[in-house]
Amino acid sequence: MKWECPACGYIYDPEVGDPDSGIAPGTPFEEIPDDWECPDCGLSKSKFVPYEE
């Protein structure tokens with residue numbers, strides 16, 4: 001499942017991960033550290049919502 005940042009619209013896709021932040025491709029959102037933030041705007045992981053395609 002993909003997750004969306006409600007502040008800026010960034011989509012976290014587990015297949016892609018966030019390599020610039022040390023999150024490897026294939027990492028489920030639930031396994032990202034709680035202190036991870038949106039790479040585009042800095043919003044907390046806890047604020048992300050499930051992405052509806």
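## The nonpolar core

A nonpolar core is a set of buried Ala, Val, Leu, Ile, Met, Phe, Trp, Tyr and Cys residues that are joined through side-chain atoms within 4.5 Å. In this predicted model, the largest such core has 10 residues. Its members are Trp3, Cys5, Tyr10, Tyr12, Ile23, Phe29, Ile32, Trp36, Cys38 and Phe48.

Trp3 belongs to this core. Apart from neighbours within four places in sequence, Trp3 is in contact with Tyr10, Ile11, Tyr12, Phe29, Glu30, Phe48, Val49, Pro50 and Tyr51.

## Overall form of the chain

The protein chain contains three strands and zero helices, and its pattern along the sequence is β-β-β. The strands are E1 (3-4), E2 (11-12) and E3 (49-50).

For a chain of 53 residues, a compact globule would have a radius of gyration near 10 Å; the protein chain has 10 Å, and therefore agrees with that expectation. Along the principal axes, the C-alpha atoms fill a box of roughly 25 × 25 × 15 Å.

Of the 53 residues in the protein chain, 30% are buried. The accessible surface amounts to about 3400 Å², and carbon and sulfur atoms account for 46% of this area. When contacts between residues at least 6 apart in sequence are considered, 42% of them join residues at least 24 apart.

## Aromatic pairs

A pair of aromatic rings is described by the distance of the centres and the angle of the planes. The structure holds eight aromatic pairs. In one of them, the ring centres of Tyr10 and Trp36 are 6.5 Å apart and the planes stand at 50 degrees, so this pair is tilted.

Trp36 and Phe48 are 12 residues apart, and each is in the loop between E2 and E3. Phe48, like Trp36, is buried. Ring pairs join Trp3, Tyr10, Tyr12, Phe29, Trp36 and Phe48 into a cluster. One ring of this cluster, that of Phe29, has Lys45 over its face, at 5.1 Å from the ring centre.

Leu43 is found in the loop between E2 and E3. Its relative accessible area is 23%, so Leu43 counts as partly exposed. Leaving aside neighbours within four places in sequence, Leu43 is in contact with Cys5, Pro6, Ala7, Glu37, Cys38 and Phe48. Gly22, which lies 21 residues from Leu43 in sequence, is 17 Å away in space, C-alpha to C-alpha.

Glu52 is located in the segment after E3. With a relative accessibility of 66%, Glu52 counts as exposed. Although Glu52 and Trp3 are 49 residues apart along the chain, their C-alpha atoms are separated by 8.4 Å.

Terms used. Residues numbered from 1 in each chain as written. Predicted model: local features only at pLDDT ≥ 70, side-chain atom pairs only at ≥ 80, totals over all residues. Heavy atoms only, no water. Phe/Tyr/Trp six-rings, centres within 6.5 Å; stacked < 30°, edge-to-face > 60°. Helix = DSSP H or I, 4+ residues; strand = E, 2+ residues; numbered from the N terminus. Buried < 20%, exposed > 50% of the residue type's maximum accessible area, 1.4 Å probe, protein only. Lys NZ or Arg CZ within 6 Å of the ring centre and 35° of its normal. Contact = heavy atoms within 4.5 Å. Rg over C-alpha atoms; globule rule 2.2 N^0.38 Å. Areas by Shrake-Rupley, 256 points an atom, 1.4 Å probe, with all protein chains shown as cover.
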